[in-house]
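Reader: I would like to learn how to read a structural model feature by feature. Could you take me through one, giving the general idea each time and then the case at hand?

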Amino acid sequence: GECSAFKERFMECLRRSGYESAACRQSAMAYLECRMDRRVSPPGPGDSGEPLAGQLMANEPLEKLGFKDLINEKSEEKPEKS
(Lines give C-alpha, C1' and ligand atoms only; values in the text may rest on other atoms or scores of the structure.)
Protein backbone atom coordinates (compact mmCIF):
# COMPACT_ATOMS: atom_id res chain seq x y z
CA GLY A 1 0.00 0.00 0.00
CA GLU A 2 0.91 3.65 -0.22
CA CYS A 3 1.82 3.86 3.47
CA SER A 4 3.64 0.55 3.78
CA ALA A 5 7.07 2.21 4.08
CA PHE A 6 5.78 4.33 7.00
CA LYS A 7 4.24 1.23 8.58
CA GLU A 8 7.46 -0.73 8.20
CA ARG A 9 9.52 2.08 9.80
CA PHE A 10 7.08 2.13 12.72
CA MET A 11 7.17 -1.66 13.10
CA GLU A 12 10.98 -1.69 12.90
CA CYS A 13 11.13 0.98 15.60
CA LEU A 14 8.85 -1.12 17.80
CA ARG A 15 11.04 -4.19 17.33
CA ARG A 16 14.23 -2.21 18.11
CA SER A 17 12.69 -0.66 21.23
CA GLY A 18 11.33 -3.92 22.62
CA TYR A 19 7.80 -2.86 21.63
CA GLU A 20 7.97 0.31 23.72
CA SER A 21 5.51 2.45 21.77
CA ALA A 22 6.53 5.69 23.48
CA ALA A 23 9.94 5.40 21.80
CA CYS A 24 8.25 5.29 18.38
CA ARG A 25 5.78 8.14 18.58
CA GLN A 26 7.46 10.11 15.78
CA SER A 27 7.16 7.21 13.33
CA ALA A 28 3.63 6.44 14.57
CA MET A 29 2.61 10.03 13.84
CA ALA A 30 4.17 9.89 10.36
CA TYR A 31 2.31 6.64 9.61
CA LEU A 32 -1.03 8.07 10.75
CA GLU A 33 -0.44 11.27 8.77
CA CYS A 34 0.18 9.15 5.67
CA ARG A 35 -3.03 7.20 6.20
CA MET A 36 -5.07 10.38 6.67
CA ASP A 37 -3.51 12.06 3.63
CA ARG A 38 -3.88 9.17 1.19
CA ARG A 39 -6.97 8.26 -0.71
CA VAL A 40 -7.89 4.81 -1.93
CA SER A 41 -9.48 4.24 -5.31
CA PRO A 42 -12.75 6.13 -5.81
CA PRO A 43 -15.82 4.53 -4.27
CA GLY A 44 -17.63 2.24 -6.64
CA PRO A 45 -21.26 1.20 -6.96
CA GLY A 46 -22.60 -0.16 -3.71
CA ASP A 47 -20.27 1.87 -1.50
CA SER A 48 -22.06 3.63 1.31
CA GLY A 49 -20.86 7.10 0.35
CA GLU A 50 -19.90 7.82 3.97
CA PRO A 51 -16.99 10.22 4.55
CA LEU A 52 -14.58 7.32 5.03
CA ALA A 53 -15.27 5.97 1.55
CA GLY A 54 -12.19 6.77 -0.49
CA GLN A 55 -9.93 7.38 2.50
CA LEU A 56 -7.59 5.04 4.34
CA MET A 57 -8.39 6.82 7.60
CA ALA A 58 -10.67 9.64 8.65
CA ASN A 59 -8.90 12.96 9.13
CA GLU A 60 -8.41 13.76 12.79
CA PRO A 61 -6.34 16.53 14.32
CA LEU A 62 -3.03 15.06 15.46
CA GLU A 63 -3.52 16.80 18.79
CA LYS A 64 -6.64 14.71 19.30
CA LEU A 65 -4.61 11.56 18.58
CA GLY A 66 -2.12 12.40 21.35
CA PHE A 67 0.66 14.03 19.33
CA LYS A 68 0.30 17.66 20.48
CA ASP A 69 3.78 17.74 22.01
CA LEU A 70 5.37 16.40 18.81
CA ILE A 71 3.53 18.98 16.69
CA ASN A 72 4.85 21.77 18.92
CA GLU A 73 8.40 20.40 18.53
CA LYS A 74 8.01 20.23 14.76
CA SER A 75 6.83 23.84 14.49
CA GLU A 76 9.68 25.06 16.72
CA GLU A 77 12.24 23.42 14.41
CA LYS A 78 11.05 25.42 11.38
CA PRO A 79 12.84 28.77 11.06
CA GLU A 80 10.44 31.69 10.95
CA LYS A 81 10.33 33.88 7.84
CA SER A 82 11.10 37.53 8.45
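Reader: Where is Y19 found?

Author: This is a predicted model, and in it Y19 is found in the loop between α1 and α2.

Reader: Is Y19 buried or exposed?

Author: Y19 has a relative accessible area of 54%, and because the cut-off for exposed is over 50%, Y19 counts as exposed.

Reader: How many helices and strands are there in the protein?

Author: The protein has three helices and zero strands, and read from the N terminus on, its elements run α-α-α. Helix α1 covers residues 4-16, while helix α2 covers residues 25-37.

Reader: How should I read the disulfides, and how many does a search of the whole structure find?

Author: The general idea is that a disulfide is a covalent bond between the sulfur atoms of two cysteines. A search of the whole structure finds two disulfides. One of them joins C3 to C34, with an S to S distance of 2.0 Å, and with -90° about the S-S bond this link is left-handed. C3 lies in the segment before α1 and C34 in helix α2, so this pair ties together parts that are 31 residues apart in sequence.

Reader: Are C3 and C34 buried or exposed?

Author: C3 counts as buried at 5% relative accessibility, and C34, with a relative accessible area of 2%, is buried as well.

Reader: Which parts does the disulfide of C13 and C24 tie together?

Author: The sulfur atoms of C13 and C24 are 2.1 Å apart, and the link is left-handed, with -95° about the S-S bond. C13 lies in helix α1 and C24 in the loop between α1 and α2, so the pair ties together parts that are 11 residues apart in sequence. As for accessibility, C13 counts as buried at 10% and C24 counts as buried at 1%.

Reader: What is the pairing when the bonded cysteines of the protein are numbered in sequence order?

Author: Numbered in that way, the bonded cysteines of the protein pair as 1-4, 2-3.

Reader: Which residues make up the largest nonpolar core?

Author: The largest nonpolar core has 11 residues in all, namely F10, C13, L14, C24, A28, M29, M36, M57, L62, F67 and L70. The elements that give two or more residues to this core are α1 and α2. Both cysteines of the C13 and C24 disulfide are therefore also members of this core, in keeping with the assignment of C13 as buried and of C24 as buried.

Reader: How should I read the salt bridges, and what is the count?

Author: The general idea is that side chains of opposite charge can pair when their charged atoms come close. Here the count comes to five salt bridges. Among them is the pair of E60 and K64, whose closest N and O atoms are 3.4 Å apart; E60 counts as partly exposed at 30% relative accessibility, whereas K64 is exposed, with a relative accessible area of 63%. Elsewhere, salt bridges that share partners join E8, E12 and R15 into one network.

Reader: How far apart are the closest N and O atoms where R15 forms a salt bridge with E8 and with E12?

Author: Between E8 and R15 the closest N and O atoms are 2.6 Å apart, and between R15 and E12 they are 3.3 Å apart. R15 and E12 are three residues apart in helix α1, so about one helical turn separates them. In terms of accessibility, R15 is partly exposed at 38%, E8 counts as partly exposed at 42%, and E12 counts as partly exposed at 33%.

Reader: Turning to the whole chain, what percentage of the residues of the protein count as buried?

Author: Of the 82 residues of the protein, 21% count as buried. The protein exposes about 6200 Å², and carbon and sulfur atoms supply 51% of that area. As to contacts, among those between residues at least 6 apart in sequence, 48% join residues at least 24 apart.

How values were computed. Residues numbered from 1 in each chain as written. Predicted model: local features only at pLDDT ≥ 70, side-chain atom pairs only at ≥ 80, totals over all residues. Heavy atoms only, no water. Salt bridge = Lys/Arg side-chain N within 4 Å of Asp/Glu carboxyl O. Buried < 20%, exposed > 50% of the residue type's maximum accessible area, 1.4 Å probe, protein only. Helix = DSSP H or I, 4+ residues; strand = E, 2+ residues; numbered from the N terminus. Disulfide = S-S within 2.5 Å. Contact = heavy atoms within 4.5 Å. Areas by Shrake-Rupley, 256 points an atom, 1.4 Å probe, with all protein chains shown as cover. Core = buried A, V, L, I, M, F, W, Y, C linked by side-chain atoms within 4.5 Å.
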